[in-house]
Amino acid sequence: MTIDRYLVDNVTLSMLTASQKASTFMRTRCRIPEEIFHEARGLPDIETLRPLAYPITTTVLVNVRAVLATIKPEDKVVDLYRNEGNGDVMLLATALTEMSVSAEQLFGDRWIIATADKGLTRKAVELGVQTCTSDEFIKLVCRFE
């Protein structure tokens, strides 16, 4: 049976209540790339989500290269000069990493990025990564609470 799993971005995390962050849904269906923890370091309860951390592995880094190779000047995903969008690239690379694992399984999980970022969503579509909006994600969390 295919299970929907979610990679959660910083903006989506900032919209969740403490009880939503502590929900069974978050614990069983969600992961947060390490770079997102860095971006979310100002959130008061971010450390409670540390068990959901998705580490930066060599495979993720290979996929970072693949993501960066698709970035065009007009893309609104990463701006290295202003140090913006690092988390977006890591979300995409992590999704690609997990999608390749799932592709090798009979009933692999489906990985979805929960984000309100339109630039990230556009790039995800281009790379074949599913997304949902922050509002859609919050409704899911509430439904399973």
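Helices (H or I, at least four residues) and strands (E, at least two) are taken here as DSSP runs, numbered from the N terminus. With that in hand, V8 sits in strand β1, which covers residues 4-8. Before going further, note that this is a predicted model, where local features need pLDDT of at least 70, side-chain atom pairs count only at pLDDT 80 or more, and totals for chains, interfaces and linings use all residues. Residues are numbered from 1 along each chain as its sequence is written, and side-chain values use heavy atoms, with hydrogens and water left out.

**Strand residues**

Back to V8. Because its relative accessibility is 0%, V8 counts as buried (buried means under 20% relative accessible area, exposed over 50%, partly exposed in between, with a 1.4 Å probe and protein chains only). Contact here means heavy atoms within 4.5 Å. Setting aside neighbours within four places in sequence, V8 is in contact with L13, C30, R31, I32, P33, I36, L91, A114 and F137.

A53 belongs to strand β3, residues 53-54. A53 has 13% relative accessibility, so A53 counts as buried. Not counting residues up to four places away in sequence, A53 touches R31, I32, E34 and F37.

**The core**

What is the number of residues in the largest nonpolar core? That core has 40 residues, and those with the most contacts inside it are Y6, L13, M26, I32, L49, I113 and F137. Helix α6 gives the most to this core, with seven residues. A nonpolar core is a set of buried Ala, Val, Leu, Ile, Met, Phe, Trp, Tyr and Cys residues joined through side-chain atoms within 4.5 Å. In soluble globular proteins, nonpolar side chains tend to be buried together. As for I113, its contacts, not counting residues up to four places away in sequence, are L7, L91, L92, A95, L120, V129, Q130, T131 and C132.

**Two packed helices**

Helix α5 (residues 58-68) packs with helix α6 (residues 86-103) at an angle of about 115°, their axes 8 Å apart. The axes are lines fitted to C-alpha atoms, for helices over the stretch in contact, and angles run from 0 to 180 degrees between N-to-C directions. On the α5 side, the contact is made by T59, V60, N63, V64, V67 and L68, while α6 brings V89, M90, L92, A93, T94, L96 and T97. Those residues divide into nine nonpolar, four polar and no charged.

**Other helix residues**

V141 is in helix α8 (residues 134-144), and at 0% relative accessibility V141 counts as buried. Leaving out residues up to four places away in sequence, V141 touches Q20, S23 and F25.

Q20 itself is in helix α2, residues 18-21. Q20 counts as buried because its relative accessibility is 7%. The side chain of Q20 reaches the backbone nitrogen of T17 at 2.8 Å.

Then there's K123, placed in helix α7 (residues 118-127). Its relative accessibility is 2%, so this lysine counts as buried. The K123 side chain makes a polar contact with the side chain of E126 at 3.0 Å. A polar contact is a pair of N or O atoms within 3.5 Å; within protein, one must be able to donate a hydrogen and the other to accept it, and residues adjacent in sequence count only if both atoms are side-chain atoms.

**Sequence versus space**

| Pair | Residues apart in sequence | C-alpha to C-alpha distance |
|---|---|---|
| A53 and C30 | 23 residues | 9.2 Å |
| V8 and C132 | 124 residues | 9.9 Å |
| V141 and S102 | 39 residues | 23 Å |
| Q20 and I138 | 118 residues | 8.1 Å |

Conventions:
Nonpolar A, V, L, I, M, F, W, Y, C, P; charged D, E, K, R; others polar.
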